[in-house]
Amino acid sequence: MYSKIILFLSISAFQSGCVKTEFSTFETENALFEPSAKSPKDQNALGEIDLARSWELYRFPVDEPSDSDLKTESYETGPWAEIDLPRNLRNEIDPKNGWVLLRREFTEPDSFGSDPSSRTLSLGRISDRARVFWNGRELDEEFFSSYKRETPQGYDRHRMYSIPPETVLRENEIRIYLKPYFEYEFGIISGTIHYGLSPRIWKRWVRSEIAGLLVFASFSLIGSFFLFLFAREKKEKENLHFGIFLLSFSSYQISLCEFKYFSGIGVLYLKKLEYSFLVLLFPTFCAFLESFLSPVSETGFRRFRTLLGGKGREIRAVFRSKTRLRFRRILEFSSLVFAALFLFAPDVAFLDRINRNGLQLSWIGYLLLSFWIVLPRAGKDRDARRILFGVLFLISFVIVDVLAERGNFRSFRLSGIGVVCFLFFLCLILANRFVQMRAKLGSWNAVLEKGIATRTEELTKSVQKIKALKEQQDGDYFLITLLFRPFLSSDLETPEGKIETHRKQYKRFQFKNRNYEIGGDVVFCEAVLISGIPYRVVVNADAMGKSIQGASGALIFCSIVKSFLQTPDYPDRSPENWLFLLYKNLQAVFQSLDGSMFVSAVLALVRFETGDFFFLNCEHPHPLLVRDGNAIPLFPEEILPKLGFPVYETSLKLKIQYYSLEVGDTVLFGSDGREDLYLPIGPSLEKQKDSVPEIFCEAAASEPNTLSELEAKLLQKGDLSDDLSFLRIRTKSTAQKEILRNEISCLLRSAKRALQIGNYEEACTWITRTCLLDPSDLNRVRTAIKSAYRAKNKKRIRLLSEKLILRTTGHPLSEIALPSTWEKTEFSTNRNRRFESEIQKKGA
């Protein structure tokens, strides 16, 4: 039943195509063939005159016409050449940014004089700007009289000019001044050139456009029917692809209809819509061929092997489906790129360049892909041979049109007939094969897949195993790098300072022809607000192990830090408290891994505006302070165990280090890869791994411009043996300190006034704020704690006391996993409240 419906719709579309061909091709270009053209007498009787012949072309570029030029009969004695239109004038004259002049003289037929109807001059498609003069008077284009611009607005539109009755004489002269827009074509490119009664001219044009809409609406109906078939049988992918192809083709042809210019939409947007449909044609057609034709059989390979001298393996490699699919994906990706360029094109000229120099060139690839799909199957598949014949038939029509356009001979356009016939031919093939296709495809696919699988397994079994293992390993590495990518920080530079990062992992691998690296070094730089004051979190860490083990530890580390950064800020929070809680979270997670992962790290906070620098070192190489050409380790004696090390019974204390940076100071972090190098031993070429911190100190003291130069200086001494990472902090200006001192003075005066009137809560608030703005003065912290005691503000007492302890005596690491006294009190209070509420509910 479905095949009969397809056959009926195909015949209807073919008949409509013949109607379209009659009106748009044979009728509009019958002047090319004298025997078939109507005689002048017949044309006069029909109310029109064919003006395609006996035009004169001025051989040199001319200036834009003016009224004085027309009155003085300019260019009358110049070199004129007789030509026939329509044609591309590119080979006739070089306009050189000037205008091209065409002239035609003719006699008004006597039969027109008795007809009171108005006159219309149809000039076909002109590229692009034109000024038309009738007996010295400029004509306006009907419906588009406002078109006077330089940008292309009508280069693919037929020009219709209304002629005032009072200007019509017995002997008439037409002068056309053309301003080319495109370099590759200009002049009256195509269409009919007629003069006659307006009703006759417009009737011809409207009839041709409506016929075109009807034929391509028929193809839209067929395409919709194939989509309906796909909705019923989703396994038949060829119905989907062919339906989309027909809808795209019909939409493109409908978008060429000149009725679109009456919509008022700019030509740029109309051409974007037109080219968007054009992009879909070849990808959907090749997808249809891929899904419609059966897989390549062994007979096809043997015939091509015999044809090319017995090189069977090479032929198999060329026609392998994976290779073809990869080539097809490349073409489809290029089509997506062209579609994006069409969508964001700024003007019509850009659209035209992309179409001619990009999209049309990709059609060659699609044509090769079509032959790639069809040729191997043509030996045994009858439908493949039919499609191949249809493609060659269509190509021959296109070649004839190209040769005719270049002036080798004269002919009406055959491309439209060839496309309609080819689509009609495809519809017949689908109708003939619709019933038998499922069974044949099932059997052929099974045989072919079994044969290919057996041959491939016999030839490449051992190689595939190794390749699979390597690809799996590299795939795992690649996934880890993808997970780690959101945690990579970039350099930061402000007027007050600069933070630079550099990371080079020791393990390198290749995946999908791209180079990647994986390791356990972490360089982290993010912004954070602490009590509303902006700080920069800088972290340099090194997870235990190399390759995927180190990368897993680094990934866990970065996830914890990134998650901690999302915690909301609250008042009176200090940088010391922030670093303490970050360390507490990291230690809790890595300690739960039972010694399978340790991480050395430097956790730091820096405020460029004031030079405040807080940090703690978890068994990481010491940060270096570079000042006046000297590299000095910062607090080398204050080192905590690595993150993850059990601290239940240790006597060490966690202490936050503070340092006030000056203008021009540089703080440099680095992992242990900066010291562990393979150094040469004596005069021999052998190298031995050794740890020499002095090499890095000397390189850092020289203050290289970039961290890459710092790495180069290390490599001059020896080779790397581990992951390498750097983080450098440079202060440029601390001009905010003076403003900060004035603000602190105002806050202290406010606190003093509050103490005088006994408002201890307000005084505590102001003093606490000064402690946060200027963390260098610990005596002020003690004063703030006393005022908090007087105000009985327990939360502020806890926060300020914690700040003071972390900066002075330190917090015992053995108690790091236990809740603080404040947390115990809060938990106990909340538990008692819940217990009392439950008793009241049960009593009720």
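User: In this predicted model, what share of the contacts between residues at least 6 apart in sequence join residues at least 24 apart?

Analyst: Among those contacts in the protein, 74% join residues at least 24 apart, where a contact means heavy atoms within 4.5 Å.

User: Why is C286 called buried?

Analyst: The relative accessibility of C286 is 1%, and the word buried is used for anything under 20%, so C286 counts as buried.

User: And why is C697 called partly exposed?

Analyst: C697 has a relative accessibility of 26%, while partly exposed covers what lies between the buried limit of under 20% and the exposed limit of over 50%; therefore C697 counts as partly exposed.

User: How many disulfides does the model have, and by what rule?

Analyst: The count comes to zero disulfides, because a disulfide here requires a pair of cysteine sulfur atoms within 2.5 Å.

User: What makes up the secondary structure, and what percentage of the residues is buried?

Analyst: The protein comes to 23 helices and 29 strands, and of its 844 residues, 48% are buried.

User: Which residues does UniProt list under "transmembrane region", and what is the chain like over residues 210-230 and 275-293?

Analyst: The unreviewed UniProt entry lists several spans under that name, among them 210-230 and 275-293. Residues 210-230 are 100% helix and 0% strand, with their end C-alpha atoms 30 Å apart, whereas residues 275-293 are 95% helix and 0% strand, with end C-alpha atoms 28 Å apart.

Conventions:
Residues are numbered from 1 along each chain as its sequence is written. This is a predicted model: local features need pLDDT of at least 70, side-chain atom pairs count only at pLDDT 80 or more; totals for chains, interfaces and linings use all residues. Side-chain values use heavy atoms; hydrogens and water are left out. UniProt positions are given in the numbering used here, feature names are shortened, and annotations may be inferred rather than shown by experiment. Helices (H or I, at least four residues) and strands (E, at least two) are DSSP runs, numbered from the N terminus. Buried means under 20% relative accessible area, exposed over 50%, partly exposed in between (1.4 Å probe, protein chains only).
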